[in-house]
Amino acid sequence: MNIRVQNISKNFERFPALNDVSVEVRQGDLLALLGPSGSGKTTLLRIIAGLEFPHPNDGKVLFDDKDVTWSSAYERRAGFVFQHYALFNHLTVAENIAFGLRVRPRKTRPPESEIQKRITVLLEMVQLPGLEKRFPAQLSGGQRQRIALARALAVEPKILLLDEPFGALDAKVRKDLRKWLRKFHDQTGLTTIFVTHDQEEAFELADHVTILHQGKIQQSGTPKEILARPANAFVTDFLDLPNSKKASS
Amino acid sequence: MSSFTLAARTPNHDPKPVAYTLTVLAFAAVGLILVLPLVAVFAEAFSKGIGVFLHTFTDSSIQHSIAMTLKVAALAVPLNTIFGLAAAWSVTRFTFPGRRFLISLIELPLWVSPVIGGLIYTLIFGIQMPLGAWLDERNIQIIFAYPGLVLATVFVTFPFVARVLIPLMEQQGQAEEEAAVSLGARGWQVFWRVTLPRIRIGLLYGVVLCNARAMGEFGAVSVVSGVIRNKTVTIPLQIEILHAEYHFAEAFALASLLSVLGIITLVLKLYLEREPVLRPPLAPAWEDRRRQRDPAQPTS
């Protein structure tokens, strides 16, 4: 599914959180929203998911050619992985993964045997087979992360949105999961957007990177393009590029 | 370094004798002010023997007062559970102007004298007021009847459920609810499958405290009751009547019933407080955890 964000503006009480932001992601692409904290990247991700209230003050969100600006998160069905995973702590791993299937109306709900099968397949997919009966509190950070991913994927979304997916993990696990996510993305063919403040992560993982600062897009492009021609002083500074490459801005 | 050690000094680092003395004093004060009267209630209740104690509960007015208290609590507690949930939901899930003010307003019955709560209702529903007159014409009686008792009790016990839930829900944030929505859950499914299971201990805690207060309420209820025997008298009012009529043993026998309710509440409260989030003192620990966790607030 193609995602198009057109001229989105969103104000928080006093200050603008996003100012005339446009982003386009092609089917199967992996996009990183990169920026320091307070740059508006998480707000943008939440607007795409339909989780941000009140709605944006201006602009549109399109999934393929469908305008979803005013659709609820329920209707958009974007897989969302939260920064702190937001697993249901009172449910087991299996129940967490099955959640999105069990809340469906009876007509579209798969039979219980099918749900069980899907749980097994998803756990294998995220390389954590056999953890069905555990509770989230009994898992490590990296495991929780992958269960959150399995839960989001259980409903077969066309889009995957990840908010600081590696933010709460230690360096070693981070690196492993990063490689794993890239492979995973390529296998599933999902359209994926992830938010990060870590430029190394963004550039290593993503096909395209969009750099945000103070609610405005500073530069969009492939990692190569951005590294070769940083658009302005902020980008040069944020990416810690040598001064010789600094653009005249 | 030395200034750091000084700054980290807490009462726990006081010399041992001081700590022991203070602890003993605290227990002595609690014993004298709280436990001794409780023991006295039971001592007095059984002062004329177990026969008189048991005989108290065969009296029809006393039985009626017990039934009345149960009936009032049976309606007031569920009502305040729903109000408390709704109030906590709205102030923790939405931001709107006057939100802080609303939170303080919910606590109003805690610092306003219960008598005022009773008086307000006698005023609103008294026949001299339009609403009271209108209801009176239709033979609907609020004051000096069961509905009045429930209203007064609801007023007094309004904050109990909301007060427990607001900080709890604020601390938990709403990432899990958002996750449920993004997985396709509808409003009610989110509530039953995610919100309610997460707050159930806190909710039970609030309900236990609310119930204890509802059954024990005297001030507000006495104003709207009119103390009509065998009609609008609850246990606390009945105790007052018995006491005023010099039936001390009976008064204390009935009082011991309320005391047992108090003790059960205390035990339940201690049991539920094994849940760390409900352990008093609540505020500082919550603030810390909130800062650490940073629930899904759109900060970046």
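Reader: Which residues are buried in α11(B)?

Author: Ala175(B), Glu176(B), Glu177(B), Glu178(B), Ala179(B), Ala180(B), Val181(B) and Ser182(B) are buried. A residue is buried if 20 or more other C-beta atoms lie within 10 Å of its own, exposed if 12 or fewer, and partly exposed in between, with C-beta atoms placed from the backbone. This is a predicted model, in which local features need pLDDT of at least 70, side-chain atom pairs count only at pLDDT 80 or more, and totals for chains, interfaces and linings use all residues. Residues are numbered from 1 along each chain as its sequence is written, and chains are lettered from A and ligands numbered from 1 in the order in which they are written.

Reader: What do the buried residues of α11(B) pack against?

Author: They pack against α1, α2 (73-76), β6 and α3 of chain A, together with α12 (187-216) of chain B. Contact is counted when two C-beta atoms, placed from the backbone, lie within 7 Å. Helices (H or I, at least four residues) and strands (E, at least two) are DSSP runs, numbered from the N terminus.

Reader: And what comes just after α11(B)?

Author: Gly184(B), with a positive phi of about 105°.

Reader: Switching to chain A: is Ala86(A) buried or exposed?

Author: Ala86(A) is buried, with 26 other C-beta atoms within 10 Å. Its phi is positive, about 50°, although Ala86(A) is not a glycine. Ala86(A) sits in the loop between β6 (79-81) and α3 (93-102) of chain A.

Reader: Where is the cis peptide bond?

Author: It joins Phe53(A) and Pro54(A), with omega about -10°. Pro54(A) is in the loop between α1 (41-49) and β4 (58-63) of chain A.
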